[in-house]
Amino acid sequence: MNTGCANILIVDDTLANLQLLAGILKEAGYKVRPALSGKQALEAIKNQPPDLILLDIKMPDMDGYEVCRTLKSQPETKAIPIIFISALTDIEDKLKAFQAGGLDYISKPFQFEEVKARVWTHLQLKSYQNEMEEKVMAGVRNVQLLTEEVIDTQREIIFTMGEICETRSHETGSHIKRVAEYCYLLAHLAGSDDAWQIKQASPMHDIGKVAIPDAVLHKPGKLNESEWKVMRSHAELGYKMLSVSRRPLLQMAATIAHEHHEKWDGSGYPRGLKGTEISFAGRVTAIADVFDALNHKRCYKDAWTLEQVWAFLREQRGKHFDPELIDLFFEFQADFLKINEKYR
Ligand SMILES: [Fe+2]
Ligand SMILES: [Fe+2]
């Protein structure tokens, strides 16, 4: 704000006072608007908020205190500096003016130079304040942009890592995308606040497979017992790889990698956790991962029919899978199938 051409509203019910003040301020280079009552002032402010208000106290209908309190209670007008001008000289009246939200008080009869000096000072202060606010807002915007950048980078790295392990395990191209979407939907339906984070972290559930030898990972047909043992180690391996990071998203990914093969009845691996000993994210990913694996062809098996998939999920309710989550999955099966169609 250029304080020289600032816009000032003068409110006084005495025309002579208005003319006098307007004359002084116009001469000093300000744009001046007069108002003869509190109501007129509020109207004028609504049409065009001034940079500063000179406000008389004793006016019929609505006095200056009330005008001031009204302006201070509204977000659009509360920052406008208000200087009271009044013939009331009692300390009580002055205090009341400050309590109503006034910044300053000039007693009538006023000195021209004093009015000009106070107006100038308050306009300067307001201008510094605006400048500071703009700088703070610019700083906040910068921090927001940087934070978004960091989050996006994390997301991209996680997704790329998921794609690497997908390529390595020769899975169908969109497996991790679908698993992420199923996870999000299921967690969201269950009312979890972590749905978004689970979606971001789930693509890495099989990251441990990058450390499994080709002979085991790509063996056509059934694995023998010792090969199975190696294969199963991908859960623990994935957990070890990811848990070195303290980032919440990677911590979540570590948990999911560790627990996506645990089963509700305790017969899963690597730790044989039972029921809610398995984290919510682990239980959600288990359903999403199995549902998608059965639905699509793998090197060691053909795709199942939908009837077979649903029958298996139902049969495994309370065995492999969290019964409540399976119930939700069935309740909203149409939505899950839509995701399957979308990322075919
Ligand atoms: Fe796995
Ligand atoms: Fe998977």
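**Legends to the views of the predicted model**

In this predicted model, buried residues account for 45% of the 344 residues in the chain.

**View 1. Overall form of the chain.** The secondary structure of the chain consists of 14 helices and five strands. Along the principal axes, the C-alpha trace spans about 105 × 35 × 35 Å. The radius of gyration of the chain is 35 Å, whereas a compact globule of 344 residues would have one near 20 Å. Of the contacts in the chain with a separation of 6 or more, 60% are between residues 24 or more positions apart.

**View 2. Strand S4 and its cover.** Strand S4 comprises residues 82-86 and is mostly covered, with five of its five residues buried. Ile82, Phe84 and Ser86 point one way from the strand. Ile83 and Ile85 point the other way, and the residues of both sets are buried.

**View 3. Pairing of strands S3 and S4.** Strand S3, formed by residues 52-56, runs parallel to S4, and four bridges join the two strands. Within this pairing, Leu55 stands opposite Phe84 of S4. Phe84 is itself buried and points the same way from S4 as Ile82 and Ser86.

Methods. Residues numbered from 1 in each chain as written. Chains lettered and ligands numbered in written order. Predicted model: local features only at pLDDT ≥ 70, side-chain atom pairs only at ≥ 80, totals over all residues. Heavy atoms only, no water. Rg over C-alpha atoms; globule rule 2.2 N^0.38 Å. Buried < 20%, exposed > 50% of the residue type's maximum accessible area, 1.4 Å probe, protein only. Contact = heavy atoms within 4.5 Å. Pairing = 2+ DSSP bridges.
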